[in-house]
Amino acid sequence: MTSILLNSLIIGVGATLVMDLAAWLCLRLFAIQPLNYAFVGRWLIGITRGKLRHNPIMASPSEKHEFAIGWFCHYGIIYAYMYLILANILTLNTGNIALLLLFTLSTLVMPFFVMQPCFGFGIAASKTPYPLQVRLKSLLAHLSFGAGLYIMILLLLG
């Protein structure tokens, strides 16, 4: 169990760094603004105070340390752990590209059906001015995280 936790930590942080690198490249090459992790922090702080839903989150007052909390919590250690456990349960090689792709796409449930509605953006950002753009940013972030999972699993677990 300890090795799965340690592997999850290393793989999750590495995969998130790949995701952050992809976001940085999109910003530098195409002027595509990255996702705002301060909103994640504001939402999480709000949850501790009994506020799950914002209307929209930009209208909620900023919170002390929201950016740091959001940035820290966007790290994919939990997703890496879930993936390693799933691969173990299914007795599949952790580097199975089909499983990795399906898993990565399944992680979009969280932003589309939990976080974005709680941020006041609607299901899959349907209440935003440019829902397709927000959805594509989420898809890009999660696919680049999946690529990072794959890279880190190859590096760490062979």
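Me: Axes are lines fitted to C-alpha atoms, for helices over the stretch in contact, and their angles run from 0 to 180 degrees between N-to-C directions. Helices themselves (H or I, at least four residues) are DSSP runs, as are strands (E, at least two), numbered from the N terminus. At what angle do α4 and α7 pack, and how far apart are their axes?

Reply: In this predicted model, in which local features need pLDDT of at least 70, side-chain atom pairs count only at pLDDT 80 or more, and totals for chains, interfaces and linings use all residues, α4 and α7 pack at an angle of about 60°, with their axes 11 Å apart. Residues are numbered from 1 along each chain as its sequence is written, and side-chain values use heavy atoms, leaving out hydrogens and water.

Me: Why is α4 called oblique to α7?

Reply: Angles under 35 degrees count as roughly parallel, over 145 as roughly antiparallel, 65 to 115 as roughly perpendicular and the rest as oblique. The angle of about 60° falls in the remaining range, and therefore α4 is oblique to α7. The residues in contact (heavy atoms within 4.5 Å) are Y79, A80, Y83 and L84 of α4, and H142, F145, L149, I153 and L157 of α7.

Me: What hand does the crossing of α4 and α7 have?

Reply: A crossing is left-handed if the near helix is turned anticlockwise from the far one by less than a right angle, and right-handed if clockwise. For α4 and α7 the crossing is right-handed.

Me: What makes F119 and F121 an aromatic pair, and of which kind is it?

Reply: Rings of Phe, Tyr and Trp (its six-membered ring) pair if their centres lie within 6.5 Å; planes under 30 degrees apart count as stacked, over 60 as edge-to-face and the rest as tilted. A search of the whole structure finds 9 aromatic pairs. For F119 and F121 the centres are 5.7 Å apart and the planes make 90°, and the pair is edge-to-face. Ring pairs also join F39, W43, F119 and F121 into a cluster.

Me: What covers the buried residues of α6?

Reply: The cover includes α2 (37–48) and α7 (131–157). The buried residues of α6 are P111, F112, M115, Q116, P117 and C118. Q116 has a relative accessible area of 6%, so Q116 is buried. Leaving aside neighbours within four places in sequence, Q116 is in contact with P111, F121, G122, A124, A125, V134 and S138.

Me: What makes the backbone at H65 and A124 worth a remark?

Reply: Most residues other than glycine have a negative phi, and most peptide bonds are trans. H65, not a glycine, has a positive phi of about 70°. H65 is found in the loop between α2 and α3, and its 52% relative accessible area makes H65 exposed. A124, also not a glycine, has a positive phi of about 50°. A124 is found in the loop between α6 and α7, and at 12% A124 is buried.

Me: Which peptide bond is cis?

Reply: The bond joining N55 and P56 is cis, with omega about -20°. P56 is in the loop between α2 and α3.

Me: What is the average pLDDT of the protein?

Reply: pLDDT is the predictor's confidence in each residue, from 0 to 100. The protein averages 93, and 99% of the residues score at least 70.

Notes. Buried < 20%, exposed > 50% of the residue type's maximum accessible area, 1.4 Å probe, protein only.
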